[in-house]
Amino acid sequence: MTTPARRGRPGYDLESLLQVAVKLFNERGYDGTSMEDLSRKLGITKSAIYHHVPSKEELLRLAVDRALNGLFAVALETEYFEGKAIEKLEHLVRGSVLVLVEQLPFVTLLLRVRGNTKIERAALARRREFDRLVTELVKRAETEGDVRPDIDPAVTARLLYGMVNSLIEWYRPRRGSAGTELADAVCKIAFDGLRTQ
């Protein structure tokens with residue numbers, strides 16, 4: 001007895017659809033990608049895409065929320081992390097690098113949004129909220145005497161996350177490489193320069 005051959009292209013679930021959409025958004029830009037482009041790339045009809053999501057905007061929202069939710073989960077974890085502010089800051093940076101490594105296409109997309117749509121503006125507002133959390137940790141570490149007081153805490157926070165965010169431009173996962181090694185390298189370079197002793 002033989003099993004009947006499957007007909008047509010294999011279907012997509014929401015996750016695989018999102019992966020392809022994010023890849024296309026990163027390659028062409030969100031504004032430069034149409035649902036028609038996505039349909040062609042997937043080899044399915046637009047109506048098959050609409051079975052999973054109501055719009056291209058919803059794909060963007062799901063993508064940037066994945067990156068932001070990962071970062072805010074690390075920030076929440078940092079609140080309960082035992083230690084001084086400098087240790088919490090290092091924990092937050094290390095965790096942020098790991099989120100970036102694990103969700104590289106999603107974080108890349110998040111860092112490329114410019115505020116052209118309501119979803120992008122909401123994502124940028126959440127990014128600013130995250131920046132404020134980092135700046136507050138830097139201020140606390142400075143108050144505790146563990147971070148150089150001669151640099152504005154907001155500048156320190158921006159430079160620190162500028163380094164973390166720059167990873168999207170050059171980091172490419174390799175087999176056998178661990179995100180923890182990259183996180184260790186970032187923390188070593190950043191915090192050896194930030195600490196007062």
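This is a predicted model: local features need pLDDT of at least 70, side-chain atom pairs count only at pLDDT 80 or more; totals for chains, interfaces and linings use all residues.
Glu 36 is partly exposed, at 34% relative accessible area. Arg 40 counts as exposed, at 54%.

The pair belongs to a wider group. Arg 28, Glu 36, Asp 37, Arg 40 and Lys 46 are linked in a network of salt bridges.

## The buried side of α2

Helix α2 spans residues 35–42. Which of its residues are buried? Met 35, Asp 37, Leu 38, Ser 39 and Leu 42 are.

Setting aside neighbours within four places in sequence, Ser 39 is in contact with Ile 44, Thr 45, Lys 46 and Ile 49. After α2 comes Gly 43. Its phi is positive, near 75 degrees.

## The nonpolar core

Nonpolar side chains tend to be buried together in soluble globular proteins. Here the largest nonpolar core holds 61 residues. Which members touch the most others? Leu 38 and Leu 59 do. Helix α4 (residues 56–79) gives the most to this core, with ten residues. Domain 1 (11–53) and domain 2 (64–194) each supply at least three residues to the core.

What does Leu 38 touch, not counting residues up to four places away in sequence? Its partners are Leu 17, Val 20, Ala 21, Leu 24, Ile 49 and Leu 59. Ile 49 is a contact of Ser 39 as well.

The protein is divided into domain 1 (11–53) and domain 2 (64–194). Their centres, taken over C-alpha atoms, are separated by 29 Å. Eight residues of domain 1 are in contact with eight residues of domain 2.

How much area do the domains bury between them? The value is about 710 Å², with 56% of it on carbon and sulfur atoms. On the domain 1 side, Val 22, Asn 26 and Tyr 30 supply 56% of the area buried against domain 2. That is more than any other three residues.

Polar links cross the boundary too. Five residue pairs, both members at pLDDT 80 or more, are in polar contact between the domains. The count of salt bridges between domain 1 and domain 2 is one. Glu 15 and Arg 66 form a salt bridge, with their closest N and O atoms 2.6 Å apart.

## Salt bridges across the sequence

How many salt bridges does the model contain? The count comes to 14. One of them joins Asp 65 and Arg 126, whose closest N and O atoms are 3.5 Å apart. Asp 65 lies in helix α4 and Arg 126 in helix α7 (residues 118–143), so this pair ties together parts 61 residues apart in sequence. Arg 126 is partly exposed, at 24% relative accessibility.

Another salt bridge joins the side chains of Asp 146 and Lys 84, at 2.8 Å from N to O. Asp 146 is in the loop between α7 and α8 (153–165), and Lys 84 is in the loop between α4 and α5 (85–102). The pair therefore ties together parts 62 residues apart in sequence. Are these two residues buried or exposed? Asp 146 counts as buried, at 8% relative accessibility. Lys 84 is partly exposed, with a relative accessible area of 38%.

## Tyr 171 in its loop

Where is Tyr 171? This residue is found in the loop between α9 (167–170) and α10 (179–194). Its relative accessibility is 8%, so Tyr 171 counts as buried. Tyr 171 and Leu 100 are 71 residues apart along the chain. Their C-alpha atoms are separated by 9.7 Å.

Technical notes: Residues are numbered from 1 along each chain as its sequence is written. Side-chain values use heavy atoms; hydrogens and water are left out. A nonpolar core is a set of buried Ala, Val, Leu, Ile, Met, Phe, Trp, Tyr and Cys residues joined through side-chain atoms within 4.5 Å. Buried means under 20% relative accessible area, exposed over 50%, partly exposed in between (1.4 Å probe, protein chains only). Helices (H or I, at least four residues) and strands (E, at least two) are DSSP runs, numbered from the N terminus. Domain bounds come from an automatic or database domain assignment. Contact means heavy atoms within 4.5 Å. Buried area is the accessible area (1.4 Å probe) that two parts lose on being put together, summed over both. A salt bridge is a side-chain nitrogen of Lys or Arg within 4 Å of a carboxyl oxygen of Asp or Glu. A polar contact is a pair of N or O atoms within 3.5 Å; within protein, one must be able to donate a hydrogen and the other to accept it, and residues adjacent in sequence count only if both atoms are side-chain atoms.
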